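Here is a briefing on one structure. Please keep the sequence and the model in view while reading.

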Amino acid sequence: MGSRKVTSTVSADFQGKHVTVAGLGVSGIPAAKVLHARGALVTVVNDGDDARAREQAAELEALGITVRLGDGRTLPEGTELVVTSPGWKPGSPLFEAAREAGVEVWGDVELAWRLRGPDAAPWLAITGTNGKTTTTQMLASILKAAGLRTAAVGNIGISVLDAVLGEERYDVLAVELSSYQLHWAPSVRAHSAAVLNLAPDHLDWHGSMEAYARDKGRVYEGNRVACVYNVADKATEDLVREADVEEGCRAIGFTLGSPGPSQLGVVDGILVDRAFVENRQKNAQELAEVSDVNPPAPHNIANALAAAALARAFGVPAKAVRDGLRAFTPDAHRIAHVADVDGVAYVDDSKATNTHAAEASLAAYESIVWIAGGLAKGASFDELVAKSAKRLRGVVLIGADRALIREALARHAPEVPVVDLDRTDTGAMLQAVTEAKRLAQPGDTVLLAPACASMDMFTNYNKRGDAFAEAVRELGS
C-alpha cells in the first residue's frame, strides 16, 4: 500500500462542451439531462431502435438533446467527452474511436464525483464479486443508527448522481460500486473502501481475471482512512498493497476467525474490533453478537464485519454497529427462508447468480437438495461442486447450461442423485420444487442457489425467486 498525498479532482465545467452519452439506460438518461442542464451540447447514441428507445428519445429531444438511435458505434463529430452507461464494454467501437481521438470516457459515477459540491458528503465505498448490496445496506443501517444522515446509493437504491445533486444533504454516503462502474471512474477517492471478495465474474466484459481484479482495486485508490480487505481472500489484500492511498490510511482486515491487531473478527459468537480501539495489540471492542446478523450464515457475518469496519473507520460507536445490524432486513431472494414443509426448509437464494455466491450459500447448510442452473456466463463448476459435494442430498438441474453442472457433478459427486429437467420454460420451477421435495428428507434444506444468471428462463433473478416461492406455497397448500 503506497502512501502519498492524493488530491481529489474538482468539478468540471460543461458549458458549451460537446458531450456524447452512450446508452439510453437507467444511468444514460439522467446523465444526459444533468449535462444538458449544465450547458453541455449533448448527443445520446444508442444501439437499439425499438419502440421504447424511440419514446425515450422523444422525451430527450423535447429538451433539446440530440439522440441517434441504431448507431452506438460511431463517435459524433466534435465530441470532447463521452459519458457511458456502465454496461457498455471497454472494447466497444465507440470507445476505440474516443481513444484514437484523445477523448476521455467517464461513467455516471465519475460524472457524479466531478459534480460534487465543496461540502459534499464523503463516500464509504463497497465492491466485490458477491455481497455488495447486502453489505452496503448493512452499512447504511449502522450509519443511521449512529444518527447520521445517509443513504445506500450507487449500484443500488438511488443513483449516485441523484444523491450528489439532490436537495437532501447527507453526512456520509454508503456507495455500492460494480466493477463496470469502477472501470469508468478514474477520479473517485473514497474516505474508506472495502473489496469483499474476488472470484471470476463478468470476464466476458473485462477480458481477463486480471483486468477484473484491477477494476475492483480502483476502489482503494486515494482512500483517506481505511482500506478494508477480506483476510480469507488474499487477492483483496493484494489489491490493498498495490493501491496509492493518502498518508496515514490503514489496511483493515475482516475474518470469521479470531482477529489480530488491525482486524475485525469473531470470538465465541461475538463480533469484535481490534482495529479502531486504543492499544489494539492487547484490547478488543465487542460490537455485536452473531445472532444480531440476519441471516447468520457465514458469508453474511463476513458482510456484517466489512460494514462494521467501514462504519468504525468513519468514527461510529460500537453500540450503533449492534443497533444497525439488528435493524437490518435483507432484500428478498438473498438466503430467504420461504417455508417449512414436512420438516424440510425451503430457502430462496436466487441472487446467487455465480459460483462464488452459490458456494457461500451452500456452505450455510448441512444437508441440501440443490436447485441449480441457468446461464453460466462462461463459468466452470468443478470447484464449486467439489467443495460442496459432502453437503448434497440431491440436485435438481434447470436452465440452458445445466449440462455444465451435471458434468461437474459426475466428476466430483457421482453418488449424488441428479434430476435433469430438460426444459427452460418458467413452469419448470414447479416441477423442480416437486422433484426436490421427493429427494429431501426431514431436516434437509431445499436450496435455490442457481450459480447462474436467470435470463434464459426469467426476466431477472427476482422473478426466478418469486417462481420458487410460489411453487413452495403450492407444495404446502
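Ser141 sits in helix 5 (residues 132-145). Helices (H or I, at least four residues) and strands (E, at least two) are DSSP runs, numbered from the N terminus. This is a predicted model, in which local features need pLDDT of at least 70 and side-chain atom pairs count only at pLDDT 80 or more, while totals for chains, interfaces and linings use all residues. Residues are numbered from 1 along each chain as its sequence is written, and side-chain values use heavy atoms, with hydrogens and water left out.

- Ser141 is buried, with a relative accessible area of 15%. Buried means under 20% relative accessible area, exposed over 50%, and partly exposed in between (1.4 Å probe, protein chains only).
- Ser141 touches Gly324, Ala327 and Phe328, leaving aside residues up to four places away in sequence. Contact means heavy atoms within 4.5 Å.
- Helix 5 packs against helix 12 (residues 318-327) at an angle of about 125°, and their axes are 7 Å apart. Axes are lines fitted to C-alpha atoms, for helices over the stretch in contact, and angles run from 0 to 180 degrees between N-to-C directions.
- That angle makes helix 5 oblique to helix 12. Angles under 35 degrees count as roughly parallel, over 145 as roughly antiparallel, 65 to 115 as roughly perpendicular and the rest as oblique.

- Six strands form an open sheet in the order 17-18-22-19-20-21, with mixed pairing. Two strands pair if DSSP finds at least two bridges between them.
- Strand 17 (336-341) and strand 21 (418-420) are the edge strands. Each has a single partner strand, so one side of each lacks a neighbour in the sheet.
- On average, neighbouring strands of this sheet are turned by 15° against each other, direction ignored.
- Strand 18 (residues 344-348) pairs with strand 22 (residues 445-448) in the parallel sense, over four bridges. Asp348 stands opposite Leu448 in strand 22.

**Helices on the sheet**

- Helix 16 (residues 428-439) packs on the sheet and touches strand 17, strand 18, strand 19, strand 20, strand 21 and strand 22. The direction of helix 16 makes about 160° with that of strand 20.
- Helix 15 (residues 402-412) lies across strand 19 (368-372), strand 20 (392-397) and strand 21. Helix 15 runs at about 155° to strand 20.

- Ala364 is placed in the loop between helix 13 (355-362) and strand 19. Ala364 is partly exposed, with a relative accessible area of 25%.
- Ala364 touches Ala297 and Pro298, not counting residues up to four places away in sequence.
- Ala364 and Pro295 are 69 residues apart in sequence and 9.9 Å apart in space, C-alpha to C-alpha.
- Pro295 lies in the loop between strand 16 (285-289) and helix 11 (298-313). A cis peptide bond joins Asn294 and Pro295, with omega about -10°.

- Ile335 has phi near 50°, a positive value in a residue other than glycine. Ile335 lies in the loop between helix 12 and strand 17, and is buried, with a relative accessible area of 11%.
- Ala451 has phi near 65°, a positive value in a residue other than glycine. Ala451 lies in the loop between strand 22 and helix 17 (461-476), and is buried, with a relative accessible area of 1%.
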